[in-house]
Amino acid sequence: MLSILNIDNENKIKIKFTSGRYYVHAPLEKSADIENILSRIIGISGWAKTVVCEKNINAVLTACIEEGKKLFANGIKTFKIDARRTDKSFAHSSYELCCMAGDAVSEAVSGLTVDIHNPGDIIKIEIREKAFIYSGGVKCFGGLPVGCAGRGMLLLSGGIDSPVAGFLMAARGMIIEAIHFHSYPYTSLEAKQKVIQLANITGSYCMGIHTYILNFTKVQMRIKERAPLIWTTVLLRMAMMEAAEKAAIKLKCKCLITGESLSQVASQTIENLTCTENRIKLPVLRPLIGFSKEDIILKAKKIGTFETSIQPHVDCCTLFSPPHPVLRGNVNEANELYEKLELQPLIDEALNDYELVK
């Protein structure tokens with residue numbers, strides 16, 4: 001069964017979809033835009049520009065020869081044929097197609113030879129409602145389609161880790177909302193713009209992100225004024241978790257998502273992680289918990305957030321960081337200190353005065 005969707009009548013773009021395949025038909029001048037979008041879509045394994053021809057052997061072999069010429073022009077010296085015959089009424093089997101196309105290409109393109117074990121590229125033939133011939137292709141991220149696994153609230157900072165965490169959960173099918181805490185005027189407007197830019201980049205993989213920006217200056221100043229210095233970072237994280245959970249529940253998110261990695265910094269020891277999440281009921285997903293910093297940086301570079309993340313604008317998490325923070329906080333002591341701060345009115349005030357960036 002083949003379905004057709006007219007996605008953009010003005011630009012003559014159509015999407016056809018059938019079992020296991022989507023076909024995008026568009027004018028040549030739209031290729032660059034479409035390729036950029038396809039390379040960012042989570043849930044597809046890859047894409048390729050495809051020649052479409054009638055289902056007769058002469059047309060198929062001619063298309064394969066043209067594909068072979070392109071490969072040779074691009075410096076490829078060896079190839080193999082991979083054929084799939086979904087339409088079993090086609091006269092030739094997959095094996096016969098491989099043999100016939102391999103012979104035809106190697107005879108027509110001098111210098112291009114068959115190597116089935118280690119080919120420079122693969123010419124693929126698919127016999128479906130028509131014949132599709134292509135080579136090369138771009139490998140995508142795979143994963144699950146965004147939206148099939150619920151909705152999560154990402155605590156988005158201006159650092160390297162949290163955008164990667166959001167991307168990884170989107171790759172498991174989750175719709176991502178984001179919440180960011182800033183402490184203007186102690187943190188700059190440039191720091192906020194940096195986070196918006198990170199949300200834009202991450203959102204390009206996640207079908208868009210709504211980012212809720214909260215001014216946490218009053219909360220942070222209350223902690224600075226009343227709490228022991230060594231506890232300020234953990235207590236701030238506890239307040240952020242509480243605010244994020246309240247926002248998440250209102251937005252029907254099923255979990256919180258953070259970029260924490262075990263023992264990467266003082267607030268991310270197992271004891272301090274236990275302190276920061278002990279007052280909330282929603283599950284906290286930490287997709288980077290076992291990643292090294294090097295692994296996280298590689299992933300950030302791959303999705304394009306790294307260069308923005310390393311811009312030198314301080315966020316509120318590092319603003320008043322103590323020189324010697326508590327490393328293994330006790331949950332009971334953390335809760336006692338937190339209760340004395342009486343932060344709930346200040347958190348509610350921040351939640352009621354958010355800025356939404358779509």
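Q: Where is glutamate 342?
A: This is a predicted model, by the way. Glutamate 342 sits in the loop between helix 12 (331–341) and helix 13 (344–352).

Q: What is its phi, given that glutamate 342 is not a glycine?
A: The phi of glutamate 342 is positive, about 50 degrees. Most residues other than glycine have a negative phi.

Q: And is glutamate 342 buried, partly exposed or exposed?
A: Glutamate 342 counts as partly exposed because its relative accessibility is 49%. The cut-off for exposed is over 50%.

Q: Which other residue has a positive phi without being a glycine?
A: Lysine 252 is one of them, with phi near 65 degrees. Lysine 252 is in the loop between helix 7 (232–250) and strand 14 (255–257). With a relative accessible area of 62%, lysine 252 is exposed.

Q: OK, switching to peptide bonds. Which two residues does a cis one join?
A: Tyrosine 184 and proline 185 are joined by a cis peptide bond, with omega about 10 degrees. For background, most peptide bonds are trans. Proline 185 belongs to the loop between strand 12 (175–182) and helix 5.

Q: Let's do a helix. Which residues of helix 9 are buried?
A: In helix 9 (residues 293–303), the buried ones are Ile296, Ala300 and Ile303. Looking down the axis of helix 9, you'd find these buried residues within an arc of 70 degrees, so they line one face of the helix.

Q: Why do residues three or four places apart point the same way in an α-helix?
A: Because an α-helix has 3.6 residues a turn.

Q: Which residues are exposed on the other side of helix 9?
A: That side has Glu294, Leu298, Lys301 and Lys302 exposed.

Q: And what covers the buried residues of helix 9?
A: The cover includes helix 4 (161–170), helix 5 (189–203) and helix 10 (306–309).

Q: What follows helix 9?
A: Glycine 304 does, and its phi is positive, near 90 degrees.

Q: You mentioned helix 10. Is serine 309, which lies there, buried or exposed?
A: Serine 309 counts as buried, at 6% relative accessibility. Leaving out neighbours within four places in sequence, the contacts of serine 309 are Gly158, Gly159, Ile160, Pro163, Lys194 and Leu198.

Q: How many bridges join strand 16 to strand 13?
A: Three, and strand 13 (residues 210–215) runs antiparallel to strand 16. One of the pairs is threonine 211 with valine 357 in strand 16.

Q: What about strand 9, which residues are on each side?
A: Strand 9 (residues 131–134) has Ala131 and Ile133 on one side, with Phe132 and Tyr134 on the other, and all of them are buried. In general, side chains of a regular strand alternate between the two faces of the sheet.

Q: Which strands are joined to strand 9 by bridges?
A: Among them is strand 5 (residues 51–53), antiparallel with three bridges, where cysteine 53 stands opposite alanine 131. Strand 8 (residues 121–127) is also antiparallel to strand 9, with four bridges. A hairpin connects strand 8 to strand 9 through three residues.

Conventions: Residues are numbered from 1 along each chain as its sequence is written. This is a predicted model: local features need pLDDT of at least 70, side-chain atom pairs count only at pLDDT 80 or more; totals for chains, interfaces and linings use all residues. Side-chain values use heavy atoms; hydrogens and water are left out. Buried means under 20% relative accessible area, exposed over 50%, partly exposed in between (1.4 Å probe, protein chains only). Helices (H or I, at least four residues) and strands (E, at least two) are DSSP runs, numbered from the N terminus. The arc is that of the directions from the helix axis to the C-beta atoms. Contact means heavy atoms within 4.5 Å. Two strands pair if DSSP finds at least two bridges between them.
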